[in-house]
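Hello,

Here is the structure you were going to look at, with the sequence. My notes on a sheet and a helix pair follow below.

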Amino acid sequence: MTIMRKLYVSSLLIGAMYLIAGIVAIVNWSSMLLGIEPILSIGYIPPDAGFALVMITIGITMIAAAYFRDNIAKCLACALVGSGLGIASAFIQIAVTLAVGLDVIITWEEGDVLGTIFDVLREGIIRADVVLGLPALVLFMMSYRALKRLL
Amino acid sequence: MTDPIKLSEAEVGKAYEVIKVEGPALIRRRIMDMGIIPGAKIKVLRLAPLLDPIEILVRGVPLSIRRAEAQYIIVRETS
Amino acid sequence: MKGTIKLALAGSPNVGKSTIFNALTGGRAWVGNWPGVTVEKKVGVMKLNGYKVEVVDLPGIYSLTAYSIDELIARNFIIEERPDVVVVIVSAINLERSLYLAVSLLELGVNLIVALNMVDLAEREGYVVDVKKLEALLRVPVVPTIAIKGIGIDKLKNIIIQSISNPRRNPAIVDYGDPIEKAISRLCSFMKTHTPEVVHTYHPRWLAIKLLENDRDVVEKVKLLPKGDLLINMANEMRKELESVVGDLEVYMVNQRYAKILEIVDKVVRRVRVKGISVSELLDTVLLDKFLGLPITITSIYLMLYFAYNVSLPLVDLVDALFSSLADYTRLILQDKAPLLASLLADGIITGVGTVLVFTPMIAIFYILVAILEDVGYMARVVFVLDKVLHRFMLPGKAIVPLILGFACNVPAVLSARTIEDENDRKTVIMICPLSTCSARLPVYLIIASAIFGTYAALAITSMYVLSIIFALVIGFLFKSFIFKGPSIGFIMELPPYLMPQSRTVLIKTWERTKRFLTKAGTVILAAAILVWLLSITGPKGLIGPEALEDPALLKASWVGAIGRALQPIFTPMGWDWGATIALFFGFMAKEVVVSTMAMVYGAEETSLGRAILAHFSPLSAYAYMIFVLLYVPCVATMAVIRSEIGLKYAVLTIMYQMVLAYLASLAVMFIGMILGLG
Ligand SMILES: Nc1nc2c(ncn2[C@@H]2O[C@H](COP(=O)(O)OP(=O)(O)OP(=O)(O)O)[C@@H](O)[C@H]2O)c(=O)[nH]1
Ligand SMILES: [Mg+2]
């Protein structure tokens, strides 16, 4: 059972990171609404309610894996779905970033295109949802392997 | 033997047997065509997050049914 | 050519009828992993051994008793059009229930073939079905198939050839027991001697059974036949007698059929592996979880919209650039030779149709995502999770699909409402579809919100989406409680197993949905664009000329200006001037036209339109304007589909209620705003 233990502990940790990112985003978003400067400025967490929704959902789903640790099937399923969503949101953000970069070229009229594209890409790629996509990928592989053994 | 109850009041995770199907003719016929007839076995799999509809397993197939319709299905708990 | 053969594909919902149809005919019927994808019969042709076989794909039915329009279509086709061959598709993972229809069809005495589909999924679950035994027990040919891989299709074709050249009316296999069988044969012989017309139209044994069961629809139809009353009376008396022996006759008959089916299933299904937990069950423990189900559903929908809106951005801009250079180019070569024609093409047609076509990439991407979700089997789960909310507002759970599709474009959304069982429900859903804020409204919100609300812009835009859902639900509720009253048939939905999405399926569906959008753009919007152009360059005093499109002063003298000024007083309470009013008027054509019209009227380039808007609106009147754009009238294209789906009367009703609603809602915004001192 050490595999399961490893699985839910990592799920808990990664989930906590997602949850924190989500909470920061929602706090920043609310403070922005109130017209105050973002209170918590950590890394690249956009002050955006939609972003917060996604991160919090992924976070609680991963954390649920630890909560259901006594039910192997459900614990696995939580880790699998949570990390799956994490990968999906990272992939979506990368795609969106590339699209915005492409859009800069298409709508380019004057100025420094390359510089602008570079800024767009940099800001897009180091966002929390993309960065956390990596541990999510690892978690997904772990739970997928465990799942194969279960079935 | 336990008392007959409406399927809408059944508990998650338990197995039941259908005793009777009531309700307006069309709804009743619909329910029976889906294989929910007296004697059929039903397992309540889960409630939707907002508690309605409920998911049941009938003849090996998961079905979603609203409480409004489930109340027409009279069941008895089996072990 | 040996002649034309009619072949029907029947089966329970979601057993793979359309997939088999496509495999047989090379057709493009819609396939999806949830019950109720096919809602109309679809005909395709297959050449077989010199025969021309007309294959008809039918909506799914659980039995020969019909409830919704799509089910009636299927049942009436089989019973009244009497196809030469019926292929009933049964699902290997759902044998008990899908055999029920097969058994009912045997009772009908049709020339039957059974296709045992999805045998791959049965194997995945760990059991096999003994085809030879099943064949012997049903006494009809049985062909195992895996439709998505095309396995078994050739064999099916061979069997079809055999059934064509050697048609058999297959025997009924259910024995209802002594007293009932006697009653059936008495009814049958009565029919043969006294009412030959009835026998001519219907299979006697089947009819006898249906009359004993008191099938509403059949009774109605027999009544109309000569001496039909006699027959019905006789059956009614027999029913009374029999019920004193076996209890409720309807229950008894269904029971007998299922008993027979159970007996068959017991003999033919062989487990080869002990049952473990399946992937579908595993995923559902999380995706339908008490706490996680709802956030995961909302997150999925959000991510879909986020992806579609943003990833399509460069494509949207590309199409936009293409159309404006096309317009420029047209002006360049035609301006001097034929200025009027140049303006018609460039300012009227290309710009008008272009503003709508710009959204094609976004819509197509969104539909790809929706089609994937459908094919995976998640759509049925979304319905399951959100059903309660809709039920509260007296709407059917399936209304969720049109409302989600509506976020991209209302036209395909209206069409997708066809899967809704109850006619009243369907009308209600179609009429609230236009409240779902389509992507064409986004540019209007974007330009106004970013000009007026600064950092609160995103919030203002998000509030439009939230309000859109709230209005759709509330209005739906009002319709259901006052106009479309009446019972809605109880709805029981199967939750299909999760499957890998098929690229062919996804692409076909995306293409067809997008094509409908494009067709509307090419017809209705083209006509509207020309009309608007005409009204802009002419006025009460005659022709003004294309200059009117550049000069706000001239435009004011055109019909457009006249209409704008005539309508403006209505909107005085909201503080909108004639420019804002005429922009709304043009928005009839397509909502995004509001932006381009404002740009034209305020004589501003779209880039500095923000400043112009700031000068013409207060924050309160701007928000009221956004609400109005959200709610007022469907665009021409949507009106056209509403008309073709549920008739002119309801299309007009939709337009009227939306106008009133939009007016009242924006008035309310002004009023509340004034009270709060925001004016
Ligand atoms: N694994 C597997 N999937 C199949 C097979 N046949 C069909 N499917 C899938 O089953 C789902 C339902 O197929 P459809 O052809 O749309 O079913 P239908 O009977 O036309 O359904 P309705 O039109 O809703 O009544 C789709 O997702 C198909 O890809 C099969 O043999 N094996
Ligand atoms: Mg179909």
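Seven strands make an open sheet in the order β1(B)-β6(B)-β2(B)-β3(B)-β4(B)-β5(B)-β9(C), with antiparallel pairing. Strands (E, at least two residues) and helices (H or I, at least four) are DSSP runs, numbered from the N terminus, and two strands pair if DSSP finds at least two bridges between them. This is a predicted model: local features need pLDDT of at least 70, side-chain atom pairs count only at pLDDT 80 or more, and totals for chains, interfaces and linings use all residues. Residues are numbered from 1 along each chain as its sequence is written, chains are lettered from A and ligands numbered from 1 in the order written, and side-chain values use heavy atoms, leaving out hydrogens and water.

The edge strands, each pairing on one side only, are β1 (5-6) of chain B and β9 (492-494) of chain C. Strand β5 (residues 61-65) of chain B runs antiparallel to β9(C), joined by three bridges; here S64(B) stands opposite M493(C). On the other pairing, five bridges join β5(B) to β4(B), where S64(B) is the bridge partner of E55(B). β4(B) and β5(B) form a hairpin with two residues between them, and R59(B) in the turn has a positive phi of about 50°.

Elsewhere, helices α21 (residues 423-432) and α31 (residues 636-646) of chain C have axes (lines fitted to C-alpha atoms over the stretch in contact) that come within 11 Å and cross at roughly 175°. They are therefore roughly antiparallel (over 145 degrees).

Regards

Technical notes. Axes are lines fitted to C-alpha atoms, for helices over the stretch in contact, and angles run from 0 to 180 degrees between N-to-C directions. Angles under 35 degrees count as roughly parallel, over 145 as roughly antiparallel, 65 to 115 as roughly perpendicular and the rest as oblique.
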